[in-house]
Amino acid sequence: MYDYIIIGSGIIGTTIARELSKYDVKILVLEKENDVANHQTIANSAVIHSGHDPKENTLKARLCVEGNALYEEMEKELHIPLLRTGAFVIAHNDEEENTLNDLYERALHNGVTEISFFSKQEALKLESNLPDDITKALSLPSTKVTYPWEVAFACLENAIINGASFQKDSEVTKIKKTGEIFEVEVNFKEIIKTKSIISAAGIFSDTIAQMIEKDVQYKMKPRKGEYFVLDRKVKRFMNHVIYPLPTAKGKGVLIIPQVHGNILLGPTSTLQDEKDLVSNTKEGLNQIREDVKHLAKNIPFDQVIRTFAGIRSSCTYDDFFIQESKEIKNYFHVAGIDSPGLTAAPAIAKYLVNEVLKSHQLKKNPNFNPIRIKRDAFYHLDDKTQQDLIKENPYYGNLVCKCEKITEAEIMEAIHGPLGNDTIKGIKKRARAGSGLCQGGYCEGTILRIIARETKQPVNKINYYSQNTPILVQETKVKP
Amino acid sequence: MKIDIAIIGGGAAGLAAAIAANNSAVRILVIEREEQLGGILNQCIHNGFGLHVFKEELTGPEYASRYMDAFYEKNIEFMLHTTVVDIKKTNDFLVTVTSLEQGLQKIEAKAVILSSGCYERTRGSIMLPGERPKGIMPAGSAQRYLNIDGYLVGKKVFILGSGDIGLIMARRMTLEGAEVLGVAELMPYSNGLTRNIVQCLHDFDIPLYLSHTVTNVKGKDRLEQITIQEVDSKFNPIEGTEKVFDVDTLLLSVGLIPDITLFDSLSLKKHSVTKSAIVNQFYEANISGLFVCGNALHVHDLVDYVTIESEKAGKNALDYVLNPRKPSKHVHEIQLNENIRYVVPQMIDFEYFDVPIELSFRVTKKMNKGIFKIIQNNQIIMTKKAKNLAPAEMEKMSINPNILIDSSPLMLTLEEVEV
Amino acid sequence: MREMICIACPVGCHLTIDENLHVKGNLCQRGEKYAIEEITHPTRILTTTVKTTSLINPRLSVKTKDPIPKELLFEAMEILNSITIENNVKIGDVIVKNILNTGVDMIATKTIIINNK
């Protein structure tokens, strides 16, 4: 029996798992898909916000600022990529400048310490592609950008070496409480017992909660955000995260330089009924084109390599909903984690464990090891290290993804590593092979063959992502 | 390792360049990332290659084989399964290559020929809306899986783009047991050869939807359905013209782009239309000693023209190594009128214009009849009548230096002739 | 009355041909010949692949040496799909002699060496 079952292995579930593994408790993370981090965590802006945007005196504001600072520590301990871009919020006229002043006040109130105003000239000097009609900018140096699913992997890997367990392909189908014990039914057949449940189920938070509560205190309101991805070759187009003034709909469309050199343009903000319809729409993409014109000039739209969309786990409650169920003891909601969820994640985990779970009086795990070691990508290492690695393992010599310079050894590590995966998209998430200019056009076949060889499966059983999505549907000229 | 000429890519262009550059005084090395030479020809098992060069109709592999035989005969050095990772230039080029067998190596070369072919335009770069399930892939990738590995990537197929690769795959997949439900083409006419329309579509009753494009994609994990719509003259989808197809595969034949990302780090001057290097009549880029040819320079429709162009580039690289030219001051860009989409070479070096220069160019729209003119100093120094012009068909014109008035820039124009 | 596009040359004349094999729309003799052939006995070159036992080259590309009747294409595919190449093949080697009694051979368009166990 477990002390805690965490439902969901997105950025929230995994940071919670890591935080809990600092204590002497038995943890199981359940994930319904066949890999870590599949929904919101892999489809967002990747920004670690400063904290200028959330409403004052909310959990969002507090945990955003706390989380921002915690990323520094996570970078050192978990070796996650962190790009210190800083940010500008830009104004084009007097009215906007007034809003800018309000944001400044709000940021100070929320606890942001690094903040100042830049004149038009100062801002343009640092970012020559800002629009010529800006009048003033708010500078937020503590804004950073990370690689969200890498953070999730890192946290879960670290939780696992510190004793946590992980089960993928495990959908929670029923929750029953008998006395003090929860019986969690997985995939309609397996029953797993636990003393407490922490639900970090993202957009499915209310669905899960309904399994045990009669009166769920919130309802999810899925909100889609669409994005453009620009190729790495235009990474000098913008170095800072650029925000417009926020509106009632949210922060608006941003320009976001990414850790590996790409630039994101987006997101839009459209309410929808479906929880997992992540399609791109003509209207959404056109909206981005329109909105981003106010943030920059010379936008290199001819360098779009990809579009994508994500669904925010927005809900009817106006803040993060992090609390014990009022109906069911030891059922903990971590719901409504939309923006600034990624930023707040490590702080959400600490808040949950230190404050919400205070009465559990958790004992520290004396053997907790905070360090997760991960080598940089081969082609980011110096010549000597590269030569040494190749001597040790010649597979570093075979370049598989030529757009992003990823070697066969790194792909093999992605297959066999601590949270290894045998799907094309799983390899892409871990090793980045296939995420560049040609989007896997060149390397997909090679990656397929490597996965087949390493996992001793026939090539036509290798999936793109979830079960039953084989790339090679049928071998020709063989009798069925 | 020190060599004279590094040739990046051992396909049609690289092989022709190597053979032409071959000389006992120079050391040539062909660097090929696949496990065999031949490039894209290896997977183009259909025929239609070699009509100009061999006066025969060959399949891709047969065409490649001719050049591979000639190449092996000359004992030119080559590396297989080796990828170029980086190119730097100080005086000479420093080419960094990597392979499983030999690890990382640095090669010094006096000249480099970039004959690295193209990559295919992706779903992302055409910003196709809809969900992003598995089942959407470039037609060339599907061709490779089918012809080299022996697998169908789907059973119910729709194809976007009626260029030859899309048409060829329509036939190929049908013959191998898939159902091809249709081909959509954004333009009001197909880019492919008429022969392919007949033998790939008509033969198999596969409908061709001209002036149509894919406007929606449905399917969470696997592709389930696509929607196509007719487009107006501004390529905007027309409401009410939606047609829905239940498919598991959408093949994209929406364009090829020269694969020259290696040179992003050098200050290579690129042309906005060809998306590749700007070259002079020697197929030399703005970086001296760097030659570009074949699909890496501009997308060709006929491999025969790739061969002819690459032979010239190879010979020029050889000349460069044996007899470097002094930099010239009389280099001018060829001006074009609105009916010419692009011309290769883009620049002419008049200092060394002593043999005929062959211009390769594409027109911007279809024309039944037209007249090409070369103009210098406002005087027409050459004309050529032409029929059945189309953007999909590369045109050629040879300019003899003896028609020049002086070294001032040339202009290439096309005027439509009313029928 | 049938309509077709002539493929004998790049002009691509739009032709019509009636039951009496009268051709209209052609700018030259080749068009007339093409249309009549297309109606009476259309032929095609078949290019495809056959299975091999090689792990490096699991498919060998092949073609009909000359055009064969168009209606035999799928039947020819069936015959070819049942073949497995186990020995070395040189480009031009006959893989299937006189396929479906057309008098046309199916030949290899590639040379492959198969590493036998």
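The model is predicted: local features need pLDDT of at least 70, side-chain atom pairs count only at pLDDT 80 or more, and totals for chains, interfaces and linings use all residues. Residues are numbered from 1 along each chain as its sequence is written, while chains are lettered from A and ligands numbered from 1 in the order in which they are written.

Me: Why is α10(A) called roughly perpendicular to α11(A)?
Reply: Helix α10 (residues 408-416) and helix α11 (residues 424-431) of chain A pack at an angle of about 115°. Angles of 65 to 115 degrees count as roughly perpendicular; under 35 is roughly parallel, over 145 roughly antiparallel, and the rest oblique. That makes the pair α10(A) and α11(A) roughly perpendicular. The axes lie 9 Å apart. Axes are lines fitted to C-alpha atoms, for helices over the stretch in contact, and angles run from 0 to 180 degrees between N-to-C directions. Helices (H or I, at least four residues) and strands (E, at least two) are DSSP runs, numbered from the N terminus.

Me: Is the crossing of α10(A) and α11(A) left-handed or right-handed?
Reply: Right-handed. That term applies if the near helix is turned clockwise from the far one by less than a right angle; anticlockwise is left-handed.

Me: Which residues make the contact of α10(A) with α11(A)?
Reply: Glu410(A), Ile411(A), Ala414(A) and Ile415(A) meet Ile427(A), Arg430(A) and Ala431(A). Contact needs C-beta atoms, placed from the backbone, within 7 Å. Nonpolar covers Ala, Val, Leu, Ile, Met, Phe, Trp, Tyr, Cys and Pro; charged covers Asp, Glu, Lys and Arg; the others, Gly among them, are polar.

Me: What makes β23(A) and β11(B) a pair?
Reply: Pairing needs at least two bridges found by DSSP. β23(A) and β11 (residues 151-152) of chain B have two bridges, in the antiparallel sense. Gln474(A) has Leu152(B) as its bridge partner.

Me: How many residues does the contact take from chain A and from chain B?
Reply: 43 from chain A and 37 from chain B. On the chain A side, β18(A) gives the largest share, five residues. That side divides into 19 nonpolar, 16 polar and eight charged residues.

Me: How many residues of chain C are in contact with chain B?
Reply: 22 residues of chain C, with 18 residues of chain B. β5(C) supplies the largest share of the chain C side, four residues. By class, that side has nine nonpolar, seven polar and six charged residues.

Me: How is chain A divided into domains?
Reply: Domain 1 is 2-40 + 149-219 + 316-360, domain 2 is 87-141 + 221-312, and domain 3 is 379-461. The bounds come from an automatic or database domain assignment. The C-alpha centres of domains 1 and 3 of chain A lie 32 Å apart. Seven residues of domain 1 of chain A are in contact with seven of domain 3 of chain A.

Key. Two residues are in contact if their C-beta atoms, placed from the backbone, lie within 7 Å.
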